[in-house]
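Dear colleague,

Please find the structure below, handed over for your records. My notes on selected residues follow it.

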Amino acid sequence: MNRKVRLFGRLFPSHLLITAALSLYALILAIVFRTPDRIIAFFAMLLSSLGDIILMNYRPVTDRLPLKGFTAGGVVFGVSHILYATAMAVAILRSGGTFFNAGSLAAGILFLLLAAFYAVGTHLRDGDLKLMPLIIVYLFFICLNCSTAAAAAVSLGGIRIVAAAGALLFLISDQLIFLNKLIKIRIRNSDFWIWLPYTAGQLLLLTGC
C-alpha cells in the first residue's frame with residue numbers, strides 16, 4: 001500500500017519519497033563519478049521518477065501534465081529503459097567490451113518467450129487486447145535494457161554484474177503489473193511485491209552503471 005509519510009510537516013505518499021530518494025542517489029553518483037554512463041543513468045532514473053508520479057497519479061504534479069494514466073506512464077518508462085540501455089552501451093564502448101554474447105542472447109530469448117506468453121495468455125483469459133501493442137513494445141525496451149546490461153556483465157564483469165541483476169529485478173517488477181493489466185491475474189499485496197523488486201532493481205542498476 002502506498003502509505004502516507006509525514007515529512008517537514010506535510011504528508012507525502014511513501015512511493016513518492018522512495019522514487020525521489022532513488023533519483024537523489026543517481027544524482028550523487030553522477031556528481032561523484034562524472035562518467036557519461038552515470039550521467040545518462042541519472043536522467044534514466046529521473047524519468048523513472050516521473051513515470052512513478054504519473055502512475056501513482058500524484059495530483060500536485062499530474063494536474064499540470066498534458067498526459068496522464070497508464071499509457072503515459074508506460075511511454076515515460078520506455079524512454080527510461082532506452083536511456084539505461086544507452087548508459088550500459090556507453091560503458092561497453094568505453095571499456096572495449098562486446099554487445100553480442102551469451103548475456104544479450106539470453107535477454108533476446110527472454111523477450112521472445114515473454115511476448116509469446118502474453119500473446120497466448122491474453123487470448124486464453126480474454127485479457128485487454130487494446131493494451132497488447134503497448135505492452136509488447138514496452139517489453140522490447142525493458143528487454144533491451146536487460147540485454148545491454150547482461151552483455152556488459154558477461155564481457156566486462158565486475159560491477160556490471162550488479163547492473164544486470166538490477167535490470168532483471170526491474171523486469172520482474174513489470175511482469176507483475178502486466179499479469180494484472182493484460183491477463184487479469186490478481187496478486188495479493190501486489191503493490192508491495194511490485195515495489196520491492198522495483199526499488200532493489202533501480203538501486204542495483206544505478207550502482208552498477
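Tyrosine 138 counts as buried because its relative accessibility is 7%; buried means under 20% relative accessible area, exposed over 50%, and partly exposed in between (1.4 Å probe, protein chains only). This is a predicted model, in which local features need pLDDT of at least 70 and side-chain atom pairs count only at pLDDT 80 or more, while totals for chains, interfaces and linings use all residues. Residues are numbered from 1 along each chain as its sequence is written, and side-chain values use heavy atoms, with hydrogens and water left out.

Tyrosine 138 lies in helix H6 (residues 132–156); helices are DSSP runs (H or I, at least four residues), numbered from the N terminus. Setting aside residues up to four places away in sequence, tyrosine 138 touches Gly74, Phe77, Gly78, His81, Phe170, Asp174 and Phe178, where contact means heavy atoms within 4.5 Å. With histidine 81 there is a side-chain to side-chain polar contact of 2.8 Å. A polar contact is a pair of N or O atoms within 3.5 Å; within protein, one must be able to donate a hydrogen and the other to accept it, and residues adjacent in sequence count only if both atoms are side-chain atoms.

Glutamine 202, in helix H8 (residues 190–208), is also buried, because its relative accessible area is 0%. Its side chain makes a polar contact of 2.6 Å with that of tyrosine 84.

Isoleucine 28 belongs to helix H1 (residues 14–33) and counts as partly exposed because its relative accessibility is 44%.

Yours sincerely

How values were computed. Helices (H or I, at least four residues) and strands (E, at least two) are DSSP runs, numbered from the N terminus.
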